[in-house]
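Opening the notebook on a new model today.

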Amino acid sequence: MAHSMRSDLTTNYGPPRGDWRETAQRYALVPLRVFLGVTFIYAALDKLTDSAFFKASGGGSIGDQMRGVRDTSAIPELVDLALRSPAGFGYAIAFGELVVGIGTLLGVLARLAAVGGALISLSLWLTVSWATEPYYLGNDLAYLMAWLPLVLAGAAVWSIDSWWRGRRLRSPEY
């Protein structure tokens with residue numbers, strides 16, 4: 001029995017060809033990229049502009065939020081790690097969300113940005129929203145699942161990644 005690789009599984013990064021279905025498939029992840037990119041940028045800016053968020057204690061502080069979820073999280077040790085430096089953890093999350101959001105929105109190292117977004121969502125699901133019942137009301141699990149198609153497919157269109165890929169393919173050494 002002969003084995004062959006299915007070529008229809010690869011993403012075509014060239015100009016769109018064919019019928020409307022192929023075009024729709026090429027652009028199917030763009031709305032997801034825009035939603036996740038804008039949402040993560042907004043979440044980061046929301047944290048970075050909130051004077052109370054980076055404090056170790058007090059209303060709206062990252063420290064109080066972490067202490068409030070510690071006993072109900074799936075991995076309390078992650079929360080304990082964050083509580084060693086609540087402000088540092090808050091800045092890490094905020095800047096992580098900002099980098100992930102910009103990378104996703106612009107399609108710069110889109111798969112890597114999506115992995116970062118998935119890891120942020122996973123850590124928030126295992127800590128902050130773990131105790132949400134029923135589980136499907138916890139938004140962090142939905143965000144984690146939303147990142148997975150971008151981890152797998154990247155940003156094939158309207159992205160800096162596709163522009164770089166096109167330049168590489170047009171260069172004389174290829």
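How many helices and how many strands are there in the chain? I find eight helices and zero strands, taking helices (H or I, at least four residues) and strands (E, at least two) as DSSP runs numbered from the N terminus. Along the sequence the pattern reads α-α-α-α-α-α-α-α.

Ground rules. This is a predicted model, where local features need pLDDT of at least 70 and side-chain atom pairs count only at pLDDT 80 or more, while totals for chains, interfaces and linings use all residues. Residues are numbered from 1 along each chain as its sequence is written, and side-chain values use heavy atoms, with hydrogens and water left out.

Burial. I get 34% of the 174 residues as buried (under 20% relative accessible area; exposed is over 50%, partly exposed in between; 1.4 Å probe, protein chains only).

I looked up the second largest pocket, which has a volume of about 380 Å³. Its lining has 19 residues, with Ala43, Lys47, Glu97, Leu124 and Asp140 nearest the centre. Two or more lining residues come from each of α2 (30–48), α3 (62–69), α5 (86–106), α6 (110–127) and α7 (139–153). α2 gives the most, five residues. I sort the lining into 10 nonpolar, four polar and five charged (nonpolar: Ala, Val, Leu, Ile, Met, Phe, Trp, Tyr, Cys and Pro; charged: Asp, Glu, Lys and Arg; polar: the others, Gly among them).

Cavity. Lining it are Arg33, Thr104, Ala110, Ala114, Leu150, Gly154 and Ala155: four nonpolar, two polar and one charged.

Note on terms: on a 1 Å grid over the protein atoms alone, a cavity is a set of points where a 1.4 Å probe fits but cannot get out, and a pocket is an open set with protein on both sides within 12 Å along at least five of seven lines; lining residues have an atom within 4 Å of a point. Points join across faces, edges and corners, and volume is the space filled by probe spheres set on them.

Tryptophans. Is Trp147 buried or exposed? Trp147, in helix α7, counts as buried because its relative accessibility is 0%. Its C-alpha is 9.4 Å from that of Ala113, 34 residues apart along the chain. Trp164 sits in helix α8 (residues 160–170) and is partly exposed, because its relative accessible area is 38%.
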